[in-house]
Amino acid sequence: MFLYHMIIHKDIYENISPQIVLKEGLNYKTSTKWYAKGANLFPDLTERFRPANLPNWIDFNVAFLVDLEVDEAPHYRFPVFSDKILVFNRDITSDLFAYIEDMYDGGKGRIIEGLPSKEDLMKNYWASMKTLEDYLNNKPYNNPEVYIFEQVPAKLIDYIE
């Protein structure tokens with residue numbers, strides 16, 4: 001099985017050269033930054049509702065997102081190489097993002113009307129956490145948000161144009 005990471009050459013944050021990734025590997029510093037990360041939308045809530053006794057390697061400051069299916073080129077492709085890959089429900093991320101959009105809308109509540117509170121959404125986000133293997137065996141939700149919590153070695157990465 002392969003995982004994929006899209007490359008956006010017009011990334012508004014930083015354009016990391018594929019040559020660097022193919023030499024150094026893929027990690028949170030060399031990954032495309034446009035992927036929305038549910039855990040980073042409200043970091044204080046993420047930490048406040050973090051389940052007790054999780055391993056220290058579950059650190060969203062070093063995590064980056066990948067896809068289970070290829071979307072478009074160019075992208076990086078690499079095999080599943082680690083058990084430090086977790087899956088969350090991206091639909092919850094979308095609901096959390098609505099709270100960000102609401103702030104830009106002046107906080108009028110039109111965008112978030114009918115949504116659970118940010119706190120409840122974050123609890124649900126953590127509750128949706130699955131290992132990659134568990135997610136693939138059960139597929140409890142249709143819109144996965146897949147995080148890798150360690151560097152992908154350069155020797156495993158293919159660059160697809």
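Contact is taken here to mean heavy atoms within 4.5 Å, while axes are lines fitted to C-alpha atoms, for helices over the stretch in contact, with angles running from 0 to 180 degrees between N-to-C directions. Helices (H or I, at least four residues) and strands (E, at least two) are DSSP runs numbered from the N terminus, and two strands count as paired if DSSP finds at least two bridges between them. The model is a predicted one, in which local features need pLDDT of at least 70 and side-chain atom pairs count only at pLDDT 80 or more, whereas totals for chains, interfaces and linings use all residues. Residues are numbered from 1 along each chain as its sequence is written, and side-chain values use heavy atoms, with hydrogens and water left out.

Helix α4, formed by residues 90-104, lies across β4 and β6 (144-148) and runs at about 60° to β4. Helix α5 (residues 118-127) packs on the sheet as well, where it touches β4, β5 and β6, and its direction makes about 140° with that of β4.

The sheet in question is open and consists of 4 strands in the order β2-β6-β4-β5, with antiparallel pairing; its edge strands, each paired on one side only, are β2 (64-66) and β5 (130-131). Strand β4 (residues 85-89) is joined to β5 by 2 bridges, the two running antiparallel, and Leu86 stands opposite Thr131 in β5.

Further antiparallel pairing involves β3 (residues 75-79), which 5 bridges join to strand β1 (residues 2-6), with Phe78 of β3 standing opposite Leu3. Strand β7 (residues 158-160) also pairs with β3 in the antiparallel sense, over 3 bridges, and there Tyr159 in β7 is the bridge partner of Tyr76.
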